2 protein chains.
Amino acid sequence: MLYAGFMSTVPPPFPTPQEPVDHPELLQLGTGLEADEPCLRADAARNRARLLEAAARLVAERGAEGVTMEAVAAAACVGKGTVFRRFGDRTGLLTALLDHSEKKFQAAFLGGPPPLGPGAPPVERLRAFGIAMLRRSTDDLELQLAAEPGANRRYISPARRVLRHHIEVLLRQAVPEADCELLSHTLMGQLDPALVHHLTKQCGLPLSRLEDAWLDLVDRVAGAGRSR
Amino acid sequence: MLYAGFMSTVPPPFPTPQEPVDHPELLQLGTGLEADEPCLRADAARNRARLLEAAARLVAERGAEGVTMEAVAAAACVGKGTVFRRFGDRTGLLTALLDHSEKKFQAAFLGGPPPLGPGAPPVERLRAFGIAMLRRSTDDLELQLAAEPGANRRYISPARRVLRHHIEVLLRQAVPEADCELLSHTLMGQLDPALVHHLTKQCGLPLSRLEDAWLDLVDRVAGAGRSR
DNA sequence: GTCACAATCCGGACCGAGGTCCGTTTATTG
DNA sequence: CAATAAACGGACCTCGGTCCGGATTGTGAC
């Protein structure tokens, strides 16, 4: 028997069938990313805010590694259990910290101005999307790494689903004959924060090279004279 | 101050400079994967064997999740500290369990018969390589998932390096004008055990579709009429 | 307003597992 | 048979995660 009271904030347990959304561009903005405040008791909401603030402060002063669930609880003057009830687990807390930036990004590519948003041809949107993700990764890279779930759940995080699905939709327009679902996973791989971290921080490659590689990859996969 | 006595088996702590190997095809067969037995004291070697056997037994009867460091130690009639000294951490132990299969696979694509081994044209070797990896992933998928290191170290595991480097070498022959280092990461992404697990076990896709997608990807990236 | 009741939340004791330390034991070498 | 380097073992620490008795809050009735 699991808790039942705090699933609003927390990614649904999965495996949920959750067949692919069929109305491509119209999925609700924050798929599971928010739905926070609706029905939270006053004290719960207050504690939630306190916790996020405390966590952000800890990240700022001690880095993501210093964000211990106990430390956050203590810094927020709250019991440890409260942190887990609200955010499910450490990954959930860290994800919530990234939520704001995440939603801004989603808004940008789902409804913002072209070439990132609708209006530009799909391949161009793909190019812009990758560049934007790479740039976004360089900020709060540490947090994104720390927020990454274990191997079992890496591919079922709601945020990742949204990103990947967006790529898939664009791919369908650009290369309808391909297996766009799988292809989208491949493209996502190139934007994986862990890979970006490895290449830039551990191997010392300049970000521009990753950007070039993305553009090249899009070309190869969905580029001009494609027929298969 | 770290331990210094058991680094033979264990991936070097990193950050070690470790500049990229320059002699492409000639790297020693097991890059960091073995170098085990050479200078182990008799009792140490015996305990190592005991531990691996115990771990394998535990995997067999309780699944990878049941492989607790304490349980392994107990099953091998050995102290907990010994397990860590020998294998560094849980990932190291699990990796060691996969070592045999890993080396066999390396031998197959580095020196075995074509099209996997040398002798076939690079694109064909690439195709065969992916298919082989996908098939290999379906066996001991659970173990491979469990052995995956945390986000920080995912891209610096020696075994992964070897695989990726092999792809890179083949790519250089097939598409010399491309950024083969980065492209190889992309291709590796498609073969990531976690992805394979997600797609086959959680989404229910048949393995054959992954294989088709791999062939298609190789085509797109390094396929026939390429000029850029 | 206030009272009572149910739903929700809180807190911190508790557990298991990974990882570390260091005093002790054992293999090797000459 | 020393002497030395290496290995051993298990107590110990930290941290993520769980549990449940008790405290708070929202609500409807009066």
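Guide: Gladly! Let me start with the lining of the largest cavity, where H8(A) gives the largest share, three residues. This is a predicted model, in which local features need pLDDT of at least 70 and side-chain atom pairs count only at pLDDT 80 or more, while totals for chains, interfaces and linings use all residues. Residues are numbered from 1 along each chain as its sequence is written, chains are lettered from A and ligands numbered from 1 in the order written, and side-chain values use heavy atoms, without hydrogens and water.

Visitor: What makes a space in this structure a cavity?

Guide: On a 1 Å grid over the protein atoms alone, a cavity is a set of points where a 1.4 Å probe fits but cannot get out. The structure holds five of 30 Å³ or more, and the largest has a volume of about 150 Å³, the volume being the space filled by probe spheres set on the points, which are joined across faces, edges and corners.

Visitor: Which residues that line the largest cavity are closest to its centre?

Guide: Of 15 lining residues (those with an atom within 4 Å of a point), the closest to the centre are A:Tyr155, A:Asp192, B:Tyr155, B:Gly189 and B:Asp192. Helix H8 (180–191) of chain A and helix H8 (180–191) of chain B each supply at least two lining residues; helices are DSSP runs of H or I with at least four residues, numbered from the N terminus.

Visitor: Why are H5(B) and H7(B) called roughly antiparallel?

Guide: Their axes, lines fitted to C-alpha atoms over the stretch in contact, are compared by N-to-C direction on a scale from 0 to 180 degrees. H5 (residues 122–138) and H7 (residues 158–174) of chain B cross at roughly 155°, with axes that come within 8 Å. Angles over 145 degrees count as roughly antiparallel, and therefore H5(B) and H7(B) are roughly antiparallel.

Visitor: What is the class make-up of the contact of H5(B) with H7(B)?

Guide: Contact means heavy atoms within 4.5 Å, and B:Phe129 and B:Met133 are among the H5(B) residues that meet H7(B) residues including B:Leu163 and B:Leu170. The residues of this contact divide into 10 nonpolar, two polar and one charged.

Visitor: What is the angle between H5 and H10 of chain A?

Guide: H5 (residues 122–138) and H10 (residues 207–222) of chain A pack at about 155°, with axes 10 Å apart. That makes H5(A) roughly antiparallel to H10(A). Their contact has 10 nonpolar, two polar and four charged residues.

How values were computed
Parallel < 35°, antiparallel > 145°, perpendicular 65-115°, else oblique. Nonpolar A, V, L, I, M, F, W, Y, C, P; charged D, E, K, R; others polar. 1 Å grid on protein atoms, 1.4 Å probe; cavity = no way out; pocket = protein on both sides within 12 Å on 5 of 7 lines; lining within 4 Å.
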